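This report describes a structural model, beginning with chain composition and ending with the contacts between chains. Please consult the sequence and coordinates shown below while reading.

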Amino acid sequence: MMLIRSLILVAVLFTMALSPALAQDVTTITWLTLGWPVEPIIEEFEARNPDIKIEAEQVGFNDLFAQIQVRLGAGSAVPDVIAVDVPLVSGYAFRNWLLPLDPIFTGDEVEDWLPAAVDAGSYEGTLYAAPLSTSTQLLFYNKACFDRAGLMPPGADDRLTWEEIAEIAPKMTFDDDGDGTPDVWGFIWEQMVRIYQLQVLPESLGAPAIGEDGLTVDGVINSPEWIEAYTYYYNMFNVWNAAPQGEEFWPPDIFETGNICMFVGGPWNIPRFANNADLEIEWGVSRHPYFEDGVAATPTGSWHIGVNANTENVDAATRFVHFISTGEGAELWWREGSGDFPAQQSVLALFSTEAEFDELPMSYLRTAADEATVNPRPRAVTVGFLEYEQILQNIFQDIRNGADVEESLNLAVQRIESEMAKYR
Amino acid sequence: MRVESAGLRQDLPGHSRKQNRKPLRAFAQPALAYCLLIAGIIIVVLPLMWAAAASFTPNHKVFEYAYPFSWRALFPVDFTLEAYENLFARGFGRAVRNTFFLAVSTVIIGGAANALAGFAFGRFEFRGKNLLFLTVVMLTFMVPVDLTAIPRYILVNSFGWINTWQGLLIPGLANSLVIFLFRQFFAEIPQELIDAARVDGATWLRVLVSIIMPISKPVLVAASLLMFIGQWNSFFWPLLIAPRKEMRVVQVEISLAIGQYGTVWNELLAGSMIAAIVPILLIIPFQRYYVQAITGTGLD
Amino acid sequence: MRLSRQIIPYLFLLPALLLLIVFNLAPTIATLVESTFIMSLRSGHRVFAGFANYERIFSDPIFWKSFEVTTIFSLLVNPIQIALALALAVLINQRLPGIGVFRSIYLLPIAVSLNVTAIVWGLMLDQNSGMINGILIQFGLPRQPFLHSVDQALWSIILIASWIGVPLWSLFLLAGLQNIPPTVLEAAKIDGANAWQSFTKITLPLLRRVLAFVLVADTVANFLMFAPILLLTSGGPRLSTNLIMYETYRRGFLYGDLGASSAMLSVMLIIVFVIIGVELYVLRGHD
């Protein structure tokens, strides 16, 4: 009896699920995106465009890339709109997965975007992904550590050298319970194994991240500068023992609990710390570090938005992309959506005019807005960026865990060259 | 060599010693068994207790008592429902309903199809039987479904099934392991039972429903559990085929706690706890059947 | 009557086999076929390339490294899981007070998905704040790097796979043990056999068929597993956990190199097929 009843129930539910959606004259488009708060921007867009409905497909950060590879690779018409991590634009455009977007933006709109963001969203001169946000990095520090070590913390406009960090970080590493493992660490990178943050190490020494052809890495990522830069990285973890090696914690979390004295991280941490009422530490920021003999170089780049080349809803999809990447939509996305640094100069200008940013610590966002203009270094422009990034991430993990630097970089060359072969 | 050492081992304990040890052994053997059982239980339970406790802990305290370890790591001493509240505010309840609906549908529809196929393989002789079994059932059992997802996606996309319930459900209905279980079980049923019914003029479908099914409770329970848990825990295919909010399944919902800028550990673990508790509630009351089913399949 | 008798089994097979053929077999064949094509990434245009993809992976040291890792992994994980599963089955088959509670607890891991297991164990094994190291230092032992060490990462993956695998397969073996008539063992006892002798001489041979099934199913399951690698190590450190299945996933699903990916999958299928054949031959029945 039970079985039969549940059978009937399932049959009913099943036919309900199979019956086509009610006829409607609204176009529904899907937007493949991350776990951002997407409701405000969708509601606003739908209010302004009653003929369009946005269906957000939110996936975890680690799952996004396989999603795009499988679905766009299969030539699927869905999703219509996709979140694009900016260094992947070349690869997607090379595969003809994205719709050229030049026609939907006016000259003024394009000029409002940071030039570096427009370049990064373009491939061979055509814009394939509209800039939404950009990013930069700052040094965050816990003042108590400097006091304890008898040192002076840097000012917001000071720029420490990596050599200075190497000197002070071990002095701010403390093993309070005497178990042989520090409880307070001197330094860490927020995204400790990602090329996004680590590429500026060799770039501060003047070395490029990829060969001229966008494919060659031999002689580039195992150059003397790269070896020098990542020997520094190796030492931080393995010689000076000033940085923790695990990945299961997130540096800002342990910064908040006072277990990290300094970390290089994104401006998204500023509102986070500022709005944390329980935060007990006294913190500050300064500029992104550089090598004494080199130049200041800061990471940049963030999320763009593109349209699936196979979409059946070109008009609706491009209208949404236009809305979210320009003017009021872009401002709304910055305020209530991503929380990342905006790529529109008109929105960026709000940092200097709005009273919210007049006082510390929120005024550090003005420091960040300025830092974003100091030699921003986009990630390597290559159609094989995903391979390049993921293999280097493995390699940085190895180096962090104590593998020989030169050997590791040579292994990276071998592995990346093996992957790049398919693009030649 | 081997023979010699075996002989030695037999001689050493000797008859006289054996007799002295008997009362001691009667005591020592269960004690040893309990020790081993408890040692194993610790490995099984430690991660589950920690994950459960951590899911009721504020996110910044998730690792607080794990290192250095204290008993507090296994109990939610800083109790909060924050993670569960956030999860359900985000729509986890809908994900649970979706997954439950899918899993139950899979058990009923897929179970029927797999049982019929298992019956055919177990009770009939027909041309091409072994060939079909080897090429279709065995081969598909050996291939990881996730790694053939690209052609499957292209196929399902061509049916227009992206973001639909049928796209989520239908490709996972047939299950070669379940067909195999049914085949083994049905093959062991005495022929006389069936012959008697056939002589009375019952159709095969009737034989299956009124003779075979009533005595097949263990295999039905085992197969249902296998299918239920398989669908309940599925992640990769639902993520590809139906990522839109209204259709998210439990494992996809959990994965959203892993963000670009860090992971909300207590939410991840809270979701995992809910994901685990449902199959656990199904396994424990039915464990007797589970064992019986396998016993009855003639595998041994 | 005779005609219908011939058609009936095919009718019974139809729903399940049709589904299997459409959604499982066809994609598998498509993957095998894909391994003989090279696709232009730019235009999506495909050209028949014979064994070019195979030549490419066979001359790739990364593939051979993952081949080596997969071999070591299989040689370790399968015997370990089966030995432990057998031991566990014998233990929970004891007639002891409260054994039902123990059995229930040992079944818990089966309900937990592999993804969740991997994530939770990844946190437990963290070298800085993980609980296992938390316990080690309480006993005055040094912290271990676990997933961050070339020497320990594969063992950590084996631990994670076994946490689910051992209870799962022990369930099958428990069923086998319960099917052995107690009279047979009683008889052996009367004949003077000790516990070890009756286990090796009577229990094991009677378990042969279920052991064969468990061995085959476990081998397949471990060959196909890649979720813990994807979630925890990405094949590192220094490729020490780069199982072929993960390399296949990475090439196909992240880098879009379907030719190499499907060639690797085809190689794996052949290997799995051969291994299963050997296992079944070794454990073949005489009846």
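How many helices and strands are there in chain A? There are 20 helices and 15 strands in chain A, where helices (H or I, at least four residues) and strands (E, at least two) are DSSP runs numbered from the N terminus.

## Basis of the model

The model is predicted: local features need pLDDT of at least 70 and side-chain atom pairs count only at pLDDT 80 or more, while totals for chains, interfaces and linings use all residues. Residues are numbered from 1 along each chain as its sequence is written, and chains are lettered from A and ligands numbered from 1 in the order in which they are written.

## Overall dimensions of chain A

Along the principal axes, the C-alpha atoms of chain A fill a box of roughly 70 × 65 × 55 Å.

Of the 424 residues in chain A, 51% are buried, meaning that 20 or more other C-beta atoms, placed from the backbone, lie within 10 Å of the residue's own. Among contacts in chain A between residues at least 6 apart in sequence, 77% join residues at least 24 apart; a contact requires C-beta atoms, placed from the backbone, within 7 Å.

## Strand β13 of chain A

Strand β13 (residues 303-307) of chain A has 5 of its 5 residues buried, so it is largely enclosed by the rest of the structure. W303(A), I305(A) and V307(A) point one way from β13(A), whereas H304(A) and G306(A) point the other way.

Two strands pair if DSSP finds at least two bridges between them. Strand β3 (residues 81-85) of chain A runs antiparallel to β13(A) and is joined to it by 5 bridges, with A83(A) as the bridge partner of I305(A). Strand β6 (residues 130-131) of chain A is also antiparallel to β13(A), through 2 bridges, and A130(A) stands opposite I305(A).

## An open sheet in chain A

Four strands of chain A form an open sheet of mixed pairing in the order β9-β10-β8-β11. Strands β9 (185-189) and β11 (283-286) of chain A stand at the edges, each with a single partner strand, so one side of each is left without a neighbour in the sheet.

Strand β8 (residues 138-142) of chain A pairs with β11(A) in the antiparallel sense over 4 bridges. Within β11(A), W283(A) stands opposite N142(A).

## Contacts between chains

The contact between chains A and B takes 31 residues from chain A and 28 residues from chain B. On the side of chain A that touches chain B, the largest share, 7 residues, comes from α1(A). That side divides into 16 nonpolar, 9 polar and 6 charged residues, where Ala, Val, Leu, Ile, Met, Phe, Trp, Tyr, Cys and Pro count as nonpolar, Asp, Glu, Lys and Arg as charged, and the others, Gly among them, as polar.

Between chains B and C, 67 residues of chain B are in contact with 74 residues of chain C. Helix α14(B) gives the most to the side of chain B that touches chain C, with 13 residues. By class, that side of chain B has 55 nonpolar, 10 polar and 2 charged residues.

Key: Two residues are in contact if their C-beta atoms, placed from the backbone, lie within 7 Å. A residue is buried if 20 or more other C-beta atoms lie within 10 Å of its own, exposed if 12 or fewer, and partly exposed in between; C-beta atoms are placed from the backbone.
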